[in-house]
Each structure stands twice: as C-alpha cells, then as structure tokens.
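Hi everyone, thanks for making time this morning. Let me put the model up on the screen, and then we'll walk through it together.

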Number of protein chains: 2
Amino acid sequence: MGMRPDFLKSVHSPIPLIDPGRVRRNIHQMAILAKTAGVRFRPHFKTHQSSKIGEWFRDAGVTGITVSSVAMARYFAESGWTNITLAFPFNIRELEQLNQLDEMAEIHLLADHPDTVSALAAGVTKPHRVFIKVDTGYHRTGISWKRRDKLLSLAKQIESAPNLSFAGILTHAGHSYHADSPGEVQSIFRNTVSKMNQVRKTLHEDGIQNCVVSIGNTPGCTVTDSLNGVDEIRPGNFVFYDLMQLSIGICDENVLAMALLCPVTGIYPDRNELVLLGGATHFSKERFRNETGETIFGYGIGVTEAGFGPLNREIRLIGLSQEHGIVRASAETIRKTRIGDILAFVPVHSCLTADLYSVYLSTSGDRIPRFNSVSARSAQLLPSVNNNSLSF
Amino acid sequence: MGMRPDFLKSVHSPIPLIDPGRVRRNIHQMAILAKTAGVRFRPHFKTHQSSKIGEWFRDAGVTGITVSSVAMARYFAESGWTNITLAFPFNIRELEQLNQLDEMAEIHLLADHPDTVSALAAGVTKPHRVFIKVDTGYHRTGISWKRRDKLLSLAKQIESAPNLSFAGILTHAGHSYHADSPGEVQSIFRNTVSKMNQVRKTLHEDGIQNCVVSIGNTPGCTVTDSLNGVDEIRPGNFVFYDLMQLSIGICDENVLAMALLCPVTGIYPDRNELVLLGGATHFSKERFRNETGETIFGYGIGVTEAGFGPLNREIRLIGLSQEHGIVRASAETIRKTRIGDILAFVPVHSCLTADLYSVYLSTSGDRIPRFNSVSARSAQLLPSVNNNSLSF
C-alpha cells in the first residue's frame, strides 16, 4: 500500500477520482484488440465525456468517436474531433442544432424509422452518412434483424435522399448486461455478429453495397475471442469499468478506474454503519444484488498516490437517499473510521455517476474537466418562451 | 382538455415542466396547515432548489427555510434568505464554506456525533444554533430516541461551546416512504411525535430548556390530523409531489406539479412501445412497482396552457438506460404517436429528477431558473491540486 495522496486533505464534498494509469491501460488494451483484428475502434465517449481523456484516446490512435447526444457531439467537435457518430436514433427536433455543427465536424447519424429519415432528408444542410439501427435481440430500438422488407426499404430511402448516404448497420447488444457469465456474453456477441452479417448479406443481395457492420459494447468487446465479421467497435464503459461489469464477470478489479470520494458524516457502531455525504444525487441510483443478496450501490476501494489499491467488498454502500449514503462494514472498519474521513467508492454504473460532475480529480493530483450535462440540458433555447423570469 | 401550450413546439430535448398554479396551491395548503396549528413552517427547499419558487413561499409567509448542503444554503442566502437550517449532520470538511456565509445568513446546524460538535466548536467564527438529529425509527442518521445518556451528553457539549447553542431536536421519519397506506403514515407520524416529546421531556428533566421539536416530511405532514407536540415542520417534496407519494396514497393526482417533457425518437408497434430521448440521466433511476407488478419510472400526463391535465397511467415509462426511455402504452396510443412528438411524464421522485436541470419551464410559458447542482459540486476549490490541466 502506498501513501494516500496529499490533496485528499482538500476534498470537502463528493467528487469523482480516476486512476489515470488504469484509464490509459484500459484504452490501450481495447485499441490493441481492435488493431490486431483490423477493426475500426470508434469508442463511445458518453462514459468519460472529457476532452482531456479524449486526448488519451488520440494518443492510442483513435480518430473517430461515438457520442449519444447533439450537445455531446458539439462539445467534442469543439475539442477538435471531426469524425463523430451520434449513436442514438436521431431526434428530429434537434435538426437546427445538428446543422450548426456542419462547419466543425462530420456527424454520422442513426435512424430506424422512415419519418426520421424523411425529416433528415428535408432538413440537413450538408451530406450525412446514416446508419440503420438494427435490433439483434435487445428490443430497445432498431429494426428487427429479421425484417428484410423494412431494412431494405429504409436503406433505399436513405440512398435516394440527396444529402444522405447509407453508411451501414449498427447494433447495441444491451442484453449482454443481463448475462450471468462471460461465456454468456461471448455467446450473445457471436450471435449478434452472425445476425448482423445475415442482414448485410440480405441487403447486398438487394443491391445495397458498402455496408459497415458496427457493434457496441464493453462486455462483448472485452470478452470476445473473434471480431470476424465486424468492421467497427464502439465500446465506451471500458474506460473506467464499474461494479456492473465486475458483477457480470467480464473484468477483474484491477481495471476499475473511477471512484467517488465522499466524506464520512456519521458513525453508527450499534449497527456497523457509516453515513456519507454522498447520496443518489452523487452516485445515481444504479444498483445490483451481490452474491449474498445485498443491494449494493458501491464498494470501497483503496487510494494511493500511485493509483487505486484493492477493492474492498467489505465496505458496502447499501442505501442511498437524496444526499445520504449508508455504508455497512465490519466492526473493525467502523472502529477505525473518524468523522470527516474521506472514503472512495467504486460506483455500480460509472457512466451515470460521472454524468453528475463536470470535473474529475486524478490520483496524481490533476483536475480533469468534463462536459457539464446539466448546463447543456438546461441551455436549450426556447424562442417562444418568456425570458422575463430569468432573474440571474 | 385545453390547448397544448404553443411553446412546446420549441422544446427539443428533455426539460422539466411545472404547473405554477398547482405549485402555488401546494405551498398555500401546507402553509395554512402550519398556520392553523400554530406551528412554524420551515419548508425544505432541496426539492425545487429555485430562487423564483422560493419567492412563492415568501408570498405564503415563509421566512425560514431548510436546505441539505452548504452550497444550497449559499444559493438561497444569495437570494435573500437569512434564516436557514442545514438539515444534514454537518460535514466538518465544509467549515470554511460555512464561515463564508456568516455575513449573509444565520445558518442553523445539525449534529449527532461529539466529534462533529467538537469540530464546530473549534471552527465556527460566529454563533450557531445546533439541533441534535434524533433517530425515531428510520435508522439512517441520528442518536436513538432511547439513548438518554448520549442525547444529554451531546446537548451539554453543544451548550458548553462558546459559539454554539442548543436549538432543539430534529428528526426525519423517512420510513414513512415504506408505508403502504395513509393510515400507516399517520401512525408513524403520531409515533414519531410521541418519541420526540419523550426526548424533550427527558432533556428538560436534565436541565436542558428551550428545546424545539422539528419534524419532516411530506407524507406525514400531508396526512396528519394533528400537529400537537410539534414546533416546526420541514416538508419539501409536497411542492411538486410525485409518483412515489401517489403510490403511498398520501396525495391525489391533482397535486402533481412537475413533469419531464421528452421527444419521441422511436415507435415500435410490434411490442406497443415508444422510445424517448429521456433516460436515466434525465429522470434518475428512481422507480416503483405498480399494482400490476410493472416497474415504473414515470406515467404520462396531459399538458395544457392552463396547467396539467389528467395523469395517464396507461402511458408507462417502464425502462431507462443512459439516454433512452422505453414507454409501453395501448395500441391506440402507439398508433396516434408520431416521431418528434413531445410527451410529458411525471417522475417517480421529483427531487432527483429536478436536480438534473438548472431550469424549469412553466405551463404558462416562463423559464424558471434553479440551482445547478453539477456546477456547484464541481466548483469546489482544491488548493493543493494542480490546475494545469484546467484547459477550458
């Protein structure tokens, strides 16, 4: 165990901490996987949402990225990214905001409905490549991989629109997150690739050429033994990983790269509990059930100047209200803890936790800015709304 | 059914909408309840976190408020509130931030541990009144109401510190949220008041005078038939209410005053589902199980220029990922819905949803600013941390 970083003394309220060595290693390993397989690595930036961490991806050779909102696309375009896939069935109410990005970056789009394509065809002011979202079994969005008629018709509609061109097919096997084992994730991944290649073959038979096959996600990309039949991967969460990924078994604890620092505000030895300033507004309410049936919102982790130490599953975040976090731990841990101590917790879902901040600290003592989601969501212009109550 | 407000046409991404008539009525009714009972009304502002909505409380005669963080206290102090209870066991790492508020407002504090009181005694630069947090059965924070020794010792410690004075006892009967019926909430409330008065009596016998009894929360304050034995109430959620309160049965749907506007980005008639741009980052992941066993993250609600229409339980938000919301509804609703439509959803927990924005719209077409939690959480100064990576 190394020394605790000195700057922890200055932390006074919850703030996310990253281990930059682990983040860079996670990026490097995924980049190598893609390079070895000859597959394009287009990482999803919705997890870290940081221009600084984006630079570390550039260092690993990344030139194209994935985002999930127009506002996030703008943030990364302003940081110099010029090749961006907006991997959300396009929200046609944001056409104007999309067009405003024309000079800054090439934004590839996603659609699964003819009305979305019609609105794009009528509204874009620059050529865009459009992917069709394919449902390979997650049943959230996308056209079912079995619906040859619908897939073909949408592809032709895209091809016939003057400013649009068909980019390929894109899927997200989100059902991987319900898998119980790496083996099951692997099997879902293989199955997904197989379905996507059947769709590509079908489209090809009907005269649609140049169909890129683009596949998410962290569980599948982490455990797969083959990327045959895949042109592009878009994992995102692997940059930090989290307890969700650990609980599926697709990673080990040595890749966990983000934790939330929280001050201890209460000690309750009678029930072996601590209370943190650190609640639902600081962690998000994402949870999972551990081996013993406890509902878990986070596990403790050691922090040193050199990076994160071992995960401490004995220190369990078992309850969250708006601003309180309830921690259960051994009598010994409770006895050693003092009011005002700073503890670090790995969250269940790093994407959601990180989204509640516009900065990270790093174990090496840097401040790493990120996109402020609340400001972006609230800044939308509403021309017909009275602004007279905007008093500050 | 009235007309839909015209400004909905300008909404392009998720944003919270309030019905100002309902908000004012909710405030008025709670103010009347307190006034009639001769009890101080010190509403918790953590739900709305808006200086503008704060004004509506002032219109109802409110002069003292409750908040849950030092940053929130600062925001409301800057809006002219001078009498503020910070109802969270004080986080001793924020002493400096507390002292910075000295000139602006009187901040009453909360403690349940001798080390917190010692740190306050050593660190405050101005007199503060300190409440003891009492655990009356929720078992989150507080000294158990049964522990006469601990309660007395902490009260004496507070009294003997030069800059601190004992304000009284404060409790939050959070277990009301696990109640199944208004009757059960009522019974928890009565039981809470009874325990608090036993504590007051005990302290009085030991020479501690002037002990205010301060009690939360929305469920209890909404349904109680008596405020005997209570000096101060601190409900917060009642300003908007939400599906959680509705599911406990303590309110009817006509008081629901906040909903999230979301654009429809996908339509899936095969499974009677829609997909919204509106996910966990827009709603929070708070959920409940409805009568039919479905997990619910929100219900649809009508919106007119005159305010909210009826709750539409048939339009159910049944799944959330980071930015997607999955809605299930009748075949007829699905058939009538178009890509790009804006739907309104009442969230399960209005406090957590509102915390993800720094503005509300109102049905009458105003923009109502609120505290930006992400900016506040991320703005903390860390003097010993390198700022050289703060590149924008």
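In chain B, Arg148(B), Leu151(B), Leu152(B) and Ala155(B) of helix 6 meet Val199(B), Thr202(B) and Leu203(B) of helix 7. Contact here is when the C-beta atoms of two residues, placed from the backbone, lie within 7 Å. Helices are DSSP runs of H or I with at least four residues, strands are E runs of at least two, and both are numbered from the N terminus. By class, the residues of this helix contact divide into 5 nonpolar, 1 polar and 1 charged. For the classes, Ala, Val, Leu, Ile, Met, Phe, Trp, Tyr, Cys and Pro are nonpolar, Asp, Glu, Lys and Arg are charged, and the others, Gly among them, are polar.

Before going on, a word on what you're looking at: this is a predicted model, where local features need pLDDT of at least 70, side-chain atom pairs count only at pLDDT 80 or more, and totals for chains, interfaces and linings use all residues. Residues are numbered from 1 along each chain as its sequence is written, and chains are lettered from A and ligands numbered from 1 in the order in which they are written.

Back to our pair. At what angle do the axes of helix 6 and helix 7 of chain B cross? Roughly 60°, and the axes come within 10 Å; they are lines fitted to C-alpha atoms over the stretch in contact, with angles running from 0 to 180 degrees between N-to-C directions. The two helices of chain B are therefore oblique to each other, given that under 35 degrees is roughly parallel, over 145 roughly antiparallel, 65 to 115 roughly perpendicular and the rest oblique.

Now over to chain A, and Leu203(A), which sits in helix 7 (residues 182-205). Leu203(A) is buried, because 22 other C-beta atoms lie within 10 Å; the cut-offs are 20 or more for buried, 12 or fewer for exposed, and partly exposed in between. Leaving out residues up to four places away in sequence, Leu203(A) touches Leu151(A), Leu152(A), Ala155(A), Ile208(A) and Cys211(A). Leu203(A) and Leu151(A) are 52 residues apart in sequence, yet 7.8 Å apart in space, C-alpha to C-alpha.

Zooming out, chain A has 13 helices and 20 strands, and 58% of its 392 residues count as buried. Its C-alpha trace spans about 70 × 60 × 35 Å along the principal axes.

Finally, the two chains together: the contact takes 77 residues from chain B and 77 residues from chain A. On the chain B side, helix 13 (residues 373-378) gives the most, with 5 residues.
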